[in-house]
Amino acid sequence: MKIETIAIHEGNKSDSSDKAVIQPITLSTTFERGRDGNYPGGHIYTRASNPNRTSLENVVAKLEQGTDAAAFSSGNAAGSAVFQALEPGSHIIAPEDMYHGLRNLLKQVYAGVLEVDFVDLTNQSLVRESVKENTKLIWIETPSNPLLRVTDISGICSIAKEMNVLVCCDNTFATPVFQLPLNLGADLVMHSSTKYMGGHSDVLGGILITKELTPFWSKIRDVQTLSGAVPSPFDCYMIVRGIKTLPYRMRGHAENARRIASFLDAHPSVDKVYYPGLVQHEMHEVAASQMSDFGGMMSFTIHGSEEKARDTASKLKIFTQATSLGGVESLVEHRASVEGPDTKTPVNLLRLSVGLEHIDDLIADLDQAL
């Protein structure tokens with residue numbers, strides 16, 4: 001099946017008893033045992049599994065062309081499950097501009113448990129040099145948040161396989177509509193399903209997808225069940241509902257972003273536009289080789305100071321000043337002030353999550369604010 005059909009049907013298990021077209025929400029926390037002690041419905045306790053979570057995991061695994069998926073209560077919980085599945089003392093290579101939530105998770109929660117080096121993943125020689133005897137994981141984030149840097153997934157995976165190191169790719173910005181890291185050599189894919197999968201800024205979630213059913217994947221499943229950071233049945237239902245329109249929404253996000261990137265690139269008040277769809281982007285050719293389109297996220301720097309950037313954001317009327325991304329509504333955020341004192345983000349940078357409003361309205365809003 002094509003991706004549009006998968007998105008609509010693979011997360012929807014029809015109830016045979018009442019023939020409902022849309023799968024109902026199963027709120028029960030526990031499930032009946034048979035006389036032989038088994039569970040004829042396939043579920044024991046909702047921390048371990050639930051019909052709605054099973055449907056969510058099934059559709060996302062199919063979208064990413066993986067073998068299995070494990071859903072969590074947030075993107076950080078999903079990332080944390082990978083880190084928890086590693087042996088203490090393991091070394092991780094992560095991007096130097098890694099999403100600050102996961103970066104802080106590694107630096108604070110896993111300090112003293114895991115060893116981490118933050119490296120420029122666009123420099124494959126440096127990545128190779130950074131591999132140690134205890135390196136167990138390379139974490140890729142491409143395009144990155146918020147600098148939209150692009151990592152050559154195949155190139156990094158080739159190094160990892162040579163060194164017997166796992167690769168997990170954060171595919172949140174690209175989504176499986178535009179990028180399939182498992183097909184490029186990654187072992188695992190991670191999403192904050194809060195973002196484009198949910199698509200409406202009203203549900204929190206995260207998910208991991210595996211290429212193969214390995215012993216490491218079994219450890220991740222154990223972390224999911226035993227730690228219990230799982231989404232509620234209602235959360236799963238909402239994300240599955242959002243996924244039904246994901247392929248079509250992503251095309252709209254990308255088309256609007258492409259038009260806005262061109263507008264900003266020509267604007268005299270803008271220093272630089274960070275969008276891999278622009279041919280002058282330093283990694284445009286790599287992006288074009290592994291992405292079918294370039295998504296709805298971008299950043300740009302303003303001529304002038306941090307105060308000028310903040311003033312510009314405050315003047316926007318349709319773009320709402322808020323964190324997060326991937327909803328149908330357009331958002332703007334001054335990222336450096338969110339990320340804290342160790343941020344790699346320029347203080348005059350604004351990040352845009354380009355929504356699905358009419359492109360003329362979005363450009364007019366940016367024009368008046370600039």
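This report walks through a few local features of a predicted model.

## Reading the model

Because the model is predicted, local features are given only where pLDDT is at least 70 and side-chain atom pairs count only at pLDDT 80 or more, while totals for chains, interfaces and linings use all residues. Residues are numbered from 1 along each chain as its sequence is written, and side-chain values use heavy atoms, with hydrogens and water left out.

## The annotated lysine

The UniProt annotation "modified residue: N6-(pyridoxal phosphate)lysine", from an unreviewed entry, covers Lys-195. UniProt positions follow the numbering used here, feature names are shortened, and annotations may be inferred rather than shown by experiment.

Lys-195 sits in the loop between strand 6 (188–191) and strand 7 (206–210). Helices (H or I, at least four residues) and strands (E, at least two) are DSSP runs, numbered from the N terminus. With 14% relative accessibility, Lys-195 counts as buried; buried means under 20% relative accessible area, exposed over 50%, and partly exposed in between (1.4 Å probe, protein chains only). Not counting residues up to four places away in sequence, Lys-195 touches Thr-172, Ser-324, Leu-325 and Gly-326, where contact means heavy atoms within 4.5 Å.

## Helix 3 against helix 8

Two packed helices are described by the angle between their axes and the distance between the axes. For helix 3 (residues 75–85) and helix 8 (residues 215–227), the axes come within 9 Å and cross at roughly 120°, which makes helix 3 oblique to helix 8. Axes here are lines fitted to C-alpha atoms, for helices over the stretch in contact, and angles run from 0 to 180 degrees between N-to-C directions. Angles under 35 degrees count as roughly parallel, over 145 as roughly antiparallel, 65 to 115 as roughly perpendicular and the rest as oblique.

Helix 3 passes helix 8 in a right-handed crossing. A crossing is left-handed if the near helix is turned anticlockwise from the far one by less than a right angle, and right-handed if clockwise. On the helix 3 side, the contact is made by Ala-81, Val-82, Gln-84 and Ala-85, and helix 8 brings Phe-216, Lys-219, Ile-220, Val-223 and Ser-227. Sorted by class, this contact has six nonpolar, two polar and one charged residues. In that sorting, Ala, Val, Leu, Ile, Met, Phe, Trp, Tyr, Cys and Pro count as nonpolar, Asp, Glu, Lys and Arg as charged, and the others, Gly among them, as polar.

## Helix 10 against helix 14

How do helix 10 and helix 14 (residues 359–369) pack, and at what angle? Their axes are 10 Å apart, at an angle of about 30°, which makes helix 10 roughly parallel to helix 14. Helix 10 passes helix 14 in a right-handed crossing. Asn-256, Arg-259, Ile-260 and Phe-263 in helix 10 meet Ile-359, Asp-360, Leu-362, Ile-363, Leu-366 and Asp-367 in helix 14. By class, the contact has six nonpolar, one polar and three charged residues.

Asn-256 belongs to helix 10 (residues 246–265) and, at 9% relative accessibility, counts as buried. Leaving out residues up to four places away in sequence, Asn-256 touches Val-354, Gly-355, Leu-356, Glu-357, Ile-359 and Leu-362. Gly-252 also lies in helix 10, but is partly exposed, with a relative accessible area of 25%. Gly-252 and Ile-359 are 107 residues apart in sequence and 9.8 Å apart in space, C-alpha to C-alpha.

## Backbone details to look for

Most residues other than glycine have a negative phi, and most peptide bonds are trans. The loop between strand 4 (135–141) and helix 6 (153–162) holds Pro-143, and Pro-146 is found in that loop too. The peptide bond from Thr-142 to Pro-143 is cis, with omega near -10°, and the bond from Asn-145 to Pro-146 is cis, with omega near 10°.

Leu-148 is another residue of the loop between strand 4 and helix 6. Its phi is near 50°, a positive value in a residue other than glycine, and at 1% relative accessibility Leu-148 counts as buried. Asn-164, in the loop between helix 6 and strand 5 (166–170), has a positive phi of about 60° although it is not a glycine. At 70% relative accessibility, Asn-164 counts as exposed.

## A residue in strand 10

Finally, look for Gln-321 in strand 10 (residues 320–321). Gln-321 is partly exposed, with a relative accessible area of 44%. Aside from neighbours within four places in sequence, Gln-321 is in contact with Ala-313, Ser-314 and Val-332.
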